[in-house]
Amino acid sequence: MTSIAPARVDLPLDTAAVEPVPTSPKGRRGLVITLVLIVVALFWISPLVLLVITAVRPLADFIGNGPLSWPDQLTWKNFSDAWDIGNFATTYKNSAILAAIKVPLGVLVSAMLGFALAKLRMKFRRTVMFTVFLGLTIPIYITIVPVFIMMRSLGATDSIFGLIGPYLAFGIPFEVLVLQSFFRQIPDEIIEAAKVDGAGDWRVFFTMILPLSVPALVTVAILDAVATWNEFLFALILLNSDAHKTIPVGLLNFQGQFANNNTGLAAGILIAVVPILIAYTLLQRWIVGGLTAGSLKG
C-alpha cells in the first residue's frame with residue numbers, strides 16, 4: 001500500500017519583512033555617557049598637555065608663536081636650568097626623607113587604632129572614635145598659630161622632622177576612617193580561631209590582620225604620601241632656611257625667580273609633579289580597590 005505524503009510548499013522568503021533589531025535605549029544611553037566622559041577627560045587633561053608642551057619649547061618660540069601653538073622646535077634645556085636654579089636636588093631629598101619617615105609611621109599608627117576600634121572590645125570606644133573622626137572637621141588654617149607657637153617652644157621649627165607631628169595629626173583621622181571600615185569586613189571567626197590557638201592581640205594584628213589588609217594599607221600609604229609630598233602651608237610656616245625646604249615651598253621661591261620665564265617655570269612645575277603623576281598612573285588600581293574594598297559586605 002502506497003502512502004501519499006503531503007506536498008512540500010516552499011514559500012518565498014520576504015526579505016523586506018525582516019526588520020533590523022533596534023538599538024535598546026540602554027545601549028544608546030551608555031554610548032552617550034561614554035562620549036561625555038571622553039570629552040570631560042580630554043578637558044581635564046588639557047592643562048597637563050599644555051604644561052608639557054610649554055616645558056619642552058624654547059622661550060623665544062613660546063613668546064613668538066603664543067602658548068597655544070605647536071612648538072617649532074623642542075629643547076630639554078629648560079629642565080636642566082630649572083633643576084639647577086630651583087635647587088630641586090635639596091628639596092627632593094627633604095621631601096623624600098619626610099615622606100619615608102612620616103608615611104610608614106602614620107600608616108602603622110592608623111592601622112593599630114583602626115584595628116582596635118573595629119575588632120577589640122574596649123571602654124569608651126565610641127568616644128575615641130568620635131574624637132578621632134572629629135579631626136576631619138578641623139580646618140588646617142585655624143591651627144597655624146597654635147602649631148607654630150607649640151613647635152617654636154619645642155625648638156622644632158626650621159626642621160623637616162618638626163613637620164612630622166602636625167602631619168601625623170592631620171593625616172591619621174582619614175587613614176583610620178578607611179582602615180577601620182576595611183577591618184570591619186574581616187570575619188570575626190578568623191580572629192577568634194587564632195585566639196583559641198593562643199595568639200594574642202598583637203600577634204593577630206601583625207600576622208593576620210596586616211597581611212589580609214594589604215590593599216587598604218597600600219591605598220592609605222599612597223594617599224598619605226601624595227598629601228605629604230604636596231603639603232605647603234605647614235612647611236611654609238615652619239621652615240625658613242633653603243637647606244630644609246620641601247618641594248612645594250621650594251617651588252614657590254622658584255616661581256619668583258622665573259616670573260618672566262614661562263617655559264622654565266613650566267619645566268620646574270613638571271619636575272615637582274612627576275613623582276605624583278607616576279604614582280597615580282602605576283598604582284591607581286590599588287587606590288580604587290583599597291577605597292572600595294571596605295564598602296561592601298563580602
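Of the 298 residues of the protein, 36% count as buried, a word used here for a relative accessible area under 20%, with exposed meaning over 50% and partly exposed in between (1.4 Å probe, protein chains only). This is a predicted model, in which local features need pLDDT of at least 70 and side-chain atom pairs count only at pLDDT 80 or more, while totals for chains, interfaces and linings use all residues. Residues are numbered from 1 along each chain as its sequence is written, and side-chain values use heavy atoms, with hydrogens and water left out.

Showing the surface next gives an accessible area of about 18600 Å², of which 69% belongs to carbon and sulfur atoms, as found by the Shrake-Rupley method with a 1.4 Å probe.

Now select helix H1, residues 25-55, which supplies eight residues, the largest share of a nonpolar patch. The patch covers about 750 Å² and is made by Leu 31, Leu 35, Ile 38, Leu 42, Ile 45, Leu 48, Val 49, Val 52 and Leu 277. Patch residues have over 30% relative accessible area and no salt bridge, with nonpolar side chains (Val, Leu, Ile, Met, Phe, Trp, Tyr) joined within 5 Å and like charges within 9 Å; a salt bridge is a side-chain nitrogen of Lys or Arg within 4 Å of a carboxyl oxygen of Asp or Glu. Within H1, pick Leu 31, which is exposed at a relative accessible area of 54%.

Move on to helix H5, residues 125-134, and select Met 129, Val 132 and Phe 133, which are buried. Seen down the axis of H5, the buried residues fall within an arc of 90 degrees, so they line one face of the helix; the arc is that of the directions from the helix axis to the C-beta atoms. What covers them includes H4 and helix H7 (164-183).

Finally, select Lys 119 in helix H4, residues 88-119, which is buried with a relative accessible area of 17%. Its side chain is joined to that of Asp 188 by a polar contact of 2.6 Å, a term for a pair of N or O atoms within 3.5 Å, where, within protein, one must be able to donate a hydrogen and the other to accept it, and residues adjacent in sequence count only if both atoms are side-chain atoms. Leaving aside residues up to four places away in sequence, Lys 119 touches Phe 183, Arg 184, Ile 186, Pro 187, Asp 188 and Ile 191, contact meaning heavy atoms within 4.5 Å.

Key:
Helix = DSSP H or I, 4+ residues; strand = E, 2+ residues; numbered from the N terminus.
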